[in-house]
Amino acid sequence: MRALVINCSPVRNGATAEIVRIVSEELRDRYEVKSVCIDDYHFSFCKGCRSCHSTARCIMSDDVDVLMNEFQNAGIIVSVSPSYWADIPGQFKAFIDRVTPWCNTHEPHRTLPSGKSGYTIALRTGPNMKECERIIGSIEHFYGHLEIECKGSLGLCSVEYKEAVKERESEIRSFCKQI
Ligand SMILES: Cc1cc2nc3c(=O)[nH]c(=O)nc-3n(C[C@H](O)[C@H](O)[C@H](O)COP(=O)(O)O)c2cc1C
């Protein structure tokens, strides 16, 4: 089975990227792992036109389809997101908005194959777990409307740069055991 591990941050060598590296390494024995960074993809913002509510298609064609193809092919999705102003980074939010053609609140909508499992890891510099929970909530809301089953989450506070991830490595590896 394929596992897709997403760096939801645009930073390719920061704390989020380091967690993606650890998770990918941990899953490699059990899954065919593909790790991606949201910044690998180039796409426009959703225009809010709602055409997709009646057509199940977006009026734009860009890398959203390329990343959704990775979702299509993976049985396991792991999203790793930092807090940017107490929420997911704008680049990842812009991607989620563009996934509206796949959202199950309107008919017709596009669908992913059933049986996918979704996991979320949130990290932040500040000390309060509530902010991690908000990020986990945003990503689990997204999973829910794609009918990806939310199977587990991990919040990591007091992490700013990748050096701080070293101290949390065993916590991250033990979270991966349930995947
Ligand atoms: C634009 C921006 C906004 C941020 N906002 C917050 C915040 O609201 N709360 C917080 O705890 N950390 C915040 N951070 C810190 C990141 O969550 C933290 O550095 C994270 O460990 C690593 O992110 P990275 O992988 O994108 O470098 C912010 C960082 C950036 C760049």
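Is H106 buried or exposed? H106 is buried, with a relative accessible area of 8%. Here buried means under 20% relative accessible area, exposed means over 50%, and partly exposed lies in between, using a 1.4 Å probe and protein chains only. H106 sits in the loop between α4 and β4. Helices (H or I, at least four residues) and strands (E, at least two) are DSSP runs, numbered from the N terminus.

This is a predicted model, in which local features need pLDDT of at least 70, side-chain atom pairs count only at pLDDT 80 or more, and totals for chains, interfaces and linings use all residues. Residues are numbered from 1 along each chain as its sequence is written, and side-chain values use heavy atoms, with hydrogens and water left out.

Stay with H106 for a moment. Its side chain reaches the backbone oxygen of T100 at 2.9 Å. The side chain of H106 also reaches the backbone oxygen of P108, at 3.2 Å. A polar contact is a pair of N or O atoms within 3.5 Å; within protein, one must be able to donate a hydrogen and the other to accept it, and residues adjacent in sequence count only if both atoms are side-chain atoms. P108 is found in the loop between α4 and β4. The peptide bond from E107 to P108 is cis, with omega near 0°.

Follow the chain into β4. In β4, S117, Y119, I121 and L123 point one way. G118, T120 and A122 point the other way. Residues on both sides are buried.

What flanks β4? Strand β3 (residues 76-82) runs parallel to β4 and is joined to it by 7 bridges. Two strands pair if DSSP finds at least two bridges between them. Within this pairing, V78 stands opposite Y119. Strand β5 (residues 149-156) also runs parallel to β4, and 7 bridges join the two. There, G118 has C150 of β5 as its bridge partner.

β3, helix α4 (residues 90-98) and β4 form a right-handed β-α-β unit. A crossover is right-handed if, with the strands pointing away from the viewer, the path from the first strand over the helix to the second runs clockwise. β4, helix α5 (residues 129-145) and β5 make a right-handed unit too.

Now go back towards the start of the chain. Strand β1 (residues 2-7) has 5 of its 6 residues buried, so it is largely enclosed by the rest of the structure. 6 bridges join β1 to β2, and the two strands run parallel.

Next comes the ligand. 17 residues surround it, and the closest are S9, T16, S83, Y84 and E131. A residue counts as near if one of its heavy atoms lies within 4 Å. By class, this shell has 8 nonpolar, 6 polar and 3 charged residues. Ala, Val, Leu, Ile, Met, Phe, Trp, Tyr, Cys and Pro count as nonpolar, Asp, Glu, Lys and Arg as charged, and the others, Gly among them, as polar.

An N or O atom in the side chain of S9 is 2.5 Å from one. For R124, a side-chain N or O atom is 2.8 Å from a ligand oxygen. A86 uses a backbone N or O atom, 2.9 Å from an oxygen atom of the ligand. The protein covers 73% of the 630 Å² of accessible area that the ligand has on its own. Accessible areas come from the Shrake-Rupley method with a 1.4 Å probe; for residues, only the protein chains shown count as cover.

A86 has another feature. Its phi is near 65°, a positive value in a residue other than glycine. A86 lies in the loop between β3 and α4 and is buried, at 18% relative accessible area. R50 also has a positive phi, of about 65°, although it is not a glycine. R50 lies in the loop between β2 (32-37) and α2 (51-55). At 55% relative accessibility, R50 counts as exposed.
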